[in-house]
Amino acid sequence: MTQTSPAPVSAHDEHVGEHLLEVRDLVMHFPIRGSGFLRRVVGQVQAVSGVSLDLDAGETLGVVGESGCGKSTTGRAILQLHTPTAGSVRWEGKELTELPKQEMQAVRRDLQIVFQDPYASLNPKMPVNDIIAEPLKVHGRYKDGGPARVKELLQLVGLNPEHGNRYPHEFSGGQRQRIGIARALALQPKALILDEPVSALDVSVQAGIINLLEDLQDEFGLAYVFIAHDLSVVRHISDRVAVMYLGKVVETGERDEIYRRPSHPYTQALLSAAPSANPEIEAKRERIILEGDVPSPADPPSGCRFRTRCWKAEEICATEEPELVDRGQGHPVACHFAEELLEVINPDDVTP
Amino acid sequence: MSMSDPAHPEDATTTPPLDAVDGRTSDELLRVEDLTVSFPTDDGLVQAVRGVSYSVREREVLGIVGESGSGKSVSSMALMGLLPKSARVTGSVYFRGRDVLQLREKHQRALRGSRIAMIFQDPMTALNPVYSIGDQLAEAVLSHHTMPRKKALDRAAEMLDMVGIPQARERLRNYPHEFSGGMRQRVMIAMAVINNPDIIIADEPTTALDVTVQAQILETLIEVKDAVNAAIIMITHDLGVIAGIADRTLVMYAGKPVEVAETGPMFANPRMPYTAGLMGSIPSLEDSTNERLRPIKGTPPSLISLPIGCAFEPRCPLSTAECLETEPPLTETDKPDHVAACHHWQKLAAVDDPTAYFRTESEVGR
């Protein structure tokens, strides 16, 4: 499963077309408009502020962070569902930000998305068969065994094919998410952007979906951008991980690098706050409890964006933004005071 | 809201509301006996809760874990008397010896929010958007105590301070939308403990929150619980949350408890295949083995047409003919205080890794 991975997310990589997907300095700002007649732009929500990522064929990049960190917006901006404010997104060497609409549709055949909210992403007036058949029809692949393919897809995601004429409201939230996954798989894409694909599912069902995603990856060589907040799921499924905070990648690297040697204070806090389903470990853990909430992305702090909640913050953090570079930790970290903290959640601490 | 059960009319008369003692042990705070809840629908009777019995001791944290539709929320709503009128509720809920379900609405209301408090998942819908936080907290006090409003507001500020909201006094004038999600949940906790309850029912209190905020809220909840000496019933689907805070855990499946034990022993040695299946479904946060997860095949049964035997039988790798015929009751297993509803718990006890029964074919083939 582990790929011989390229240099992880590096901000200034000028090689083109080496990776399946290359995101460089992606910026996504949303205007805040005033309430007056002219609806003048009075501010910017800086949802994504200069994110760079690479994705290779067949690998899984986990993008993890809390709500509002810009991980979902990044996913959508990659697919051009939001037009990025700045930056570049290259798919197989093609620059997507400048691609004509028609060519973009062809790209979407290979690069699909599964959305976070299964309630909002399925048309309530369409039976499930039609929902899953729609991408096949749009891309002219329905006539050739379409209905059989729809049945197969339903079965693949663990739904009863006989329920295909039912409407989305007749399914539970979890089942609806499976319908969304079936729809994304319909065109046998090369890469999937999975935006919190399992957060709506019960754990026993979630495990089945994760196994399914792994099977599909083994079978078809799919690449995943796996966007999630669940740290244990991300650890399980990812080859590489990027940790985001307030629109920026703060730390990235091979999965084990991040989980065994987290070096950014935010990663350390995040890992220490994640509940583990092991009472013995829970009983012994020292939690780093962060103060306060994430600042508003409309008015992010100067310098390092994490400094307002960071216990290591000093003057330099307010004036100088730390770059995402390797500071001797073996992987890029955006912190002036990056320091390895070995095994925040070390199972070896627990001697039975 | 009256839930007197026509099948047991004698309960209403033989259970005096104030001082009945039903052989409870000294530190037993709440005892639920054979609670059932069903909802008539066009498709048939939905048996959401099918005989739940458990007890909560003073100051303990009881975790109730289960997947969606397992009846964990409905059963706690029933003991608060918060279900819609269409719900049919039977059974008994003894709070300090008196059966809450037989109380008149007026008496029930006196318990709700004062002796038994509740924290809901979504603080935005649980708080009224058009009243200030101070008004709402003061109302919680004034509906149970007669005191000047100013004193109630003092109490409100004191509580906000206790749950870690800075400048509590000034923030009383704020409205719910001016608080972040985590802060709102702190307000909910403040409201729950403002009358020094004996028991707090927390229904997925951190599910809507981020992990770093969840850690803050759980810590606050435990601090506050200790400050007011309350017990907590923690309802969640998150086994990680349970592992961190629950003294004892009750696992629900298809409307019934299927395993009850102290949390540590249960997680280490589950005695019900469903619990083992849940354990096998969770990826580990602690190590990076590329082991396959071991999901439970299938989906929970429809609560309208349940199988005759064990409700978990269709999904269970250990099922036999016996499981098809009779539904196993909760019985004691190899350890005291560890009960499970399974005919074959010995099989789980006989192996080191009970989740191995849930190995998928692909894993066996590897």
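**View 1. A buried serine in chain A of this predicted model.** With a relative accessibility of 14%, A:Ser88 falls under the 20% limit and therefore counts as buried. This close-up comes from a predicted model, as do the other views below. A:Ser88 sits in strand S4 of chain A, which covers residues 86–91. Leaving aside residues up to four places away in sequence, A:Ser88 touches A:Glu22, A:Val23, A:Arg24 and A:Glu95. For a sense of scale, look also for A:Val42, which is 46 residues away from A:Ser88 along the chain. The C-alpha atoms of these two residues, A:Ser88 and A:Val42, are separated by 26 Å.

**View 2. An open sheet of four strands in chain B.** Strands in a sheet are paired by backbone hydrogen bonds, in either a parallel or an antiparallel way. Here the pairing is antiparallel, and the strands of chain B follow the order S2-S1-S4-S5. Strand S2 (44–57) and strand S5 (98–99) of chain B stand at the edges with a single partner strand each, so one side of each has no neighbour in the sheet. Now turn to strand S1 (residues 28–41) and strand S4 (residues 88–95) of chain B, which are joined by seven bridges. To find your place in this pair, look for B:Val37, which has B:Val89 of S4(B) opposite. Helix H2 of chain B, made of residues 72–80, lies across S1, S2 and S4 of chain B. The direction of H2(B) is at about 110° to S1(B).

**View 3. Two packed helices in chain B.** A pair of packed helices is described by two values, the angle between the axes and the distance between them. For helix H8 (residues 181–193) and helix H9 (residues 211–228) of chain B, the angle is about 15° and the axes are 10 Å apart. H8(B) and H9(B) are therefore roughly parallel to each other. The crossing of H8(B) past H9(B) is right-handed. On the H8(B) side, the contact is made by B:Gly182, B:Gln185, B:Arg186, B:Ile189 and B:Val193. H9(B) contributes residues including B:Val213, B:Ile217, B:Leu221 and B:Val228. Across the contact of H8(B) with H9(B), seven residues are nonpolar, four are polar and one is charged.

**View 4. An enclosed helix in chain B.** Helix H5 of chain B (residues 133–142) has seven of its ten residues buried, so the rest of the structure largely encloses it. The buried residues of H5(B) are B:Ile133, B:Gly134, B:Gln136, B:Leu137, B:Ala138, B:Ala140 and B:Val141. Their cover includes helix H6 (149–162), helix H7 (168–171) and H8 of chain B.

Definitions and conventions
Residues numbered from 1 in each chain as written. Chains lettered and ligands numbered in written order. Predicted model: local features only at pLDDT ≥ 70, side-chain atom pairs only at ≥ 80, totals over all residues. Heavy atoms only, no water. Pairing = 2+ DSSP bridges. Contact = heavy atoms within 4.5 Å. Axes fitted to C-alpha atoms, helices over the stretch in contact; angles between N-to-C directions. Parallel < 35°, antiparallel > 145°, perpendicular 65-115°, else oblique. Left-handed = near helix turned anticlockwise from the far one by under 90°. Nonpolar A, V, L, I, M, F, W, Y, C, P; charged D, E, K, R; others polar. Buried < 20%, exposed > 50% of the residue type's maximum accessible area, 1.4 Å probe, protein only.
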